[in-house]
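Here is a short briefing to read alongside the structure. Take a look at the model first, and then we can walk through its features together.

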Amino acid sequence: MDAIKKKMQAMKVDKDGALERALVCEQEARDANTRAEKAEEEARQLQKKIQTVENELDQTQEALTLVTGKLEEKNKALQNVSSRISHLSYLRINLKWRIEQA
């Protein structure tokens, strides 16, 4: 009879230990799920930020393309004006020389 009582007490201790381990595991699982949810939310927020930055990059690249085109146009205009100034300067010097020769 004592052996049965001891065996039952040992089984109760084992059962209590198993229940305690189960509770600890359940709490750890809840904690892990909470951390996973937070990580997923952070990932969603980072994805939104990435999308925003990509959109801003696209807009900036479009603006750069437009400004580069305008700059090229201005450079061409500057070259034309410089060429005309050089030609007019040549004509002035030539005209001055002709006047002095006359």
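I4 is part of helix α1, which covers residues 2-101; helices here are DSSP runs of H or I with at least four residues, numbered from the N terminus. This is a predicted model, in which local features need pLDDT of at least 70 and side-chain atom pairs count only at pLDDT 80 or more, while totals for chains, interfaces and linings use all residues. Residues are numbered from 1 along each chain as its sequence is written, and side-chain values use heavy atoms, with hydrogens and water left out.

**Record annotation**
- The unreviewed UniProt entry places a "coiled-coil region" at residues 22-70; such annotations may be inferred rather than shown by experiment.
- Residues 22-70 are 100% helix and 0% strand, with 71 Å between the end C-alpha atoms.

**Salt bridges**
- Two salt bridges are present in the structure, each defined as a side-chain nitrogen of Lys or Arg within 4 Å of a carboxyl oxygen of Asp or Glu.
- K12 pairs with D16, and their closest N and O atoms are 3.1 Å apart.
- Because K12 and D16 are four residues apart in helix α1, about one helical turn separates them.
- K12 is partly exposed at 48% relative accessible area, and D16 is partly exposed at 34% (partly exposed lies between buried, under 20%, and exposed, over 50%, using a 1.4 Å probe and protein chains only).
- E41 bridges to R44, with closest N and O atoms 2.8 Å apart.
- E41 and R44 sit three residues apart in helix α1, about one turn.
- E41 is partly exposed at 33% relative accessibility, as is R44 at 45%.

Terms used: Helix = DSSP H or I, 4+ residues; strand = E, 2+ residues; numbered from the N terminus.
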